[in-house]
Amino acid sequence: MNLVRSFIAVDIDAPDVVKRIEEVQREVVRLGLDIKLVERENLHITLRFLGEIPQQRVNDVIRALSTVKFAKFEMRLADLGVFPDLSRPRVLWVGVSQGAEALANLANAIRAAVDKYAEHEEEREFTPHLTIGRIKSSRNVDRLGDLIRRYKGVEFGVVVVDKVKLKRSVLTPRGPIYSDLFVVPLT
């Protein structure tokens, strides 16, 4: 059976926002963390991870996504943080300071439409955030607290959310390669 590792997301591709994120990523590298940074072409906010679904189910997901009607909106990215916490950070993220409620509502509408086609149940409530790096070990993580405090309240810019994408994810030794399977325009 041919499986497609897939997820539904909002791409973060506004050039000024991407530039600011890359500046922070360079600062993180200088801290000497054992981290895998998210490449500029892969920056996105995941609304629903579907897992490895059978190829024939992709069409069901596309049909379900086509029923989602949502108005476009703006979101402002700000702050820096980690999941689960500073004592054992695994994910470095940029937050959503404005438009978080609209983003959560969009994620909930999408989840309601596609959940039955996913390979696993979503255990956690949607938390609006943009992953910019995955921390692989505890090396130098004690240096992260100062950086996060410095970016408290710092804005990265505004992104217009005018489309949602069903994406394929192919895992490779150098990191994932994403491609668009379907694009849902927001009105």
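This is a predicted model: local features need pLDDT of at least 70, side-chain atom pairs count only at pLDDT 80 or more; totals for chains, interfaces and linings use all residues.

Author: Residues are numbered from 1 along each chain as its sequence is written, and side-chain values use heavy atoms, with hydrogens and water left out.

Reader: Why is Ile8 called buried?

Author: Buried means under 20% relative accessible area, exposed over 50%, and partly exposed in between (1.4 Å probe, protein chains only). Ile8 has a relative accessible area of 0%, so Ile8 is buried.

Reader: What makes Asp79 partly exposed?

Author: Its relative accessible area is 24%, therefore Asp79 counts as partly exposed. Asp79 sits in strand β4. Strands (E, at least two residues) and helices (H or I, at least four) are DSSP runs, numbered from the N terminus.

Reader: Where is Asn140, and what is its phi?

Author: Asn140 lies in the loop between β6 and α4 (144–150). Its phi is near 60°, again positive in a residue other than glycine. Asn140 is partly exposed because its relative accessible area is 22%.

Reader: Which residues does Ile8 contact, leaving aside neighbours within four places in sequence?

Author: Contact means heavy atoms within 4.5 Å. Among the contacts of Ile8 are Ile45, Leu47, Val61 and Ile110.

Reader: What makes a set of residues a nonpolar core?

Author: Its members are buried Ala, Val, Leu, Ile, Met, Phe, Trp, Tyr and Cys residues, joined through side-chain atoms within 4.5 Å. Here the largest such core has 59 residues. Ile12, Leu47, Met75 and Leu106 have the most contacts inside it. Helix α3 (residues 100–114) gives the largest share, 7 residues.

Reader: How do you know that α3 spans close to the expected length?

Author: The expected span is 1.5 Å times one less than the number of residues. α3 has 15 residues, and 21 Å is expected. From first C-alpha to last, α3 reaches 21 Å. The buried residues of α3 include Leu103, Leu106 and Ile110.

Reader: Which residues are joined by a cis peptide bond?

Author: Phe83 and Pro84 are, with omega about -5°. Most peptide bonds are trans. Pro84 lies in the loop between β4 (73–83) and β5 (91–98).
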